[in-house]
Amino acid sequence: MKLLHVIASPRLAGSTTLTITDALLGGLAATAPDLEVETLDLFQADLPAIAGDNIEAKYTLLGGMPVAAEHRESWAQIERAIERFRAADVYVISAPMWNFGVPYVLKYYIDCIVQPGYLFRFDEHGIPRPLLEGKRMLVVSSSGSDYREASPLHALDHFEPYLRSIFGFVGIEEIRFVRAHGVDASPASREAGIARALAEAEDVVAELWPTAAEAATAA
Ligand SMILES: Cc1cc2nc3c(=O)[nH]c(=O)nc-3n(C[C@H](O)[C@H](O)[C@H](O)COP(=O)(O)O)c2cc1C
């Protein structure tokens, strides 16, 4: 089982999001020892531009034609990024909320890999259909404020709905969110937000790998 960990926080050691992810990955490693974890740090990655040859190639594909010979070398970089993504069975995305949405590197990555003929296709009626199947995703996040359902800020949360939409669009239906809310509001709010997220991370591990989790508890 291959897990791709996509990091979209620039803070690394000081990152609240990654502290929660570390706990989750630690839990997964204990319950699913066959897990092969690969890390993709988007702030260090040299992602291909969606401009120049690549934007030409994309519109050629959208027009139902194969990529032209003069764009193929450049397009191969996009294909490599897509292949790396497609090779995983499980994804863990670590991303804080930035300006009510996702950090720009994560949007950039999504713009690179969500391509026609690779992650989705158009059917004979021109309706887009997903091309991924059987994959699971966990999104770990933190935000300065609280966006839970009862919060007055809930309507401003474009982070979770966006990620559900775009990854659902390509066929990843099973997406679980582990979010630490309100971590910059006050020390008490931070403590409570992180404690809730850590408890959720534990539940998610047990839900995803119930047999392994039971075996670990019994041992
Ligand atoms: C550029 C930027 C934009 C942010 N925008 C929001 C926001 O819209 N809402 C919010 O609640 N917190 C926002 N924050 C706060 C972060 O979401 C919060 O500090 C988070 O815990 C950072 O995660 P990290 O430590 O993993 O990087 C923002 C922080 C930065 C740096």
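Modeller: Gladly, and a term comes before the strands: two strands pair if DSSP finds at least two bridges between them. Helices (H or I, at least four residues) and strands (E, at least two) are DSSP runs, numbered from the N terminus. This is a predicted model, in which local features need pLDDT of at least 70, side-chain atom pairs count only at pLDDT 80 or more, and totals for chains, interfaces and linings use all residues. Residues are numbered from 1 along each chain as its sequence is written.

Colleague: Okay, so which residue in E2 does His5 stand opposite?

Modeller: His5 stands opposite Thr39 in E2, and strand E1 (residues 2–7) is joined to strand E2 (residues 36–41) by 6 bridges, with the two running parallel. Between them the chain passes from E1 through H1 to E2, a β-α-β crossover that is right-handed, meaning that, with the strands pointing away from the viewer, the path from the first strand over the helix to the second runs clockwise.

Colleague: Is E1 mostly covered or exposed?

Modeller: Mostly covered, since 5 of the 6 residues of E1 are buried; a residue is buried if 20 or more other C-beta atoms lie within 10 Å of its own, exposed if 12 or fewer, and partly exposed in between, with C-beta atoms placed from the backbone.

Colleague: Switching to H6, which of its residues are buried?

Modeller: Gly193, Ala197, Ala201 and Val205 are the buried residues of H6. Seen down the helix axis, they fall within an arc of 105 degrees, so they line one face of H6; the arc is that of the directions from the helix axis to the C-beta atoms. On the other side of H6, the exposed residues are Ala188, Glu191, Ala195, Ala199 and Glu207.

Colleague: Why does Ala199 count as exposed?

Modeller: Because Ala199 has 11 C-beta neighbours inside 10 Å.

Colleague: Last topic, the ligand: which residues are closest?

Modeller: Of the 17 residues that surround the ligand, the closest are Ser15, Thr17, Pro96, Ser142 and Gly144, where near means that the C-beta atom, placed from the backbone, lies within 6 Å. Helix H1 (residues 16–31) gives the most to this shell, with 3 residues.
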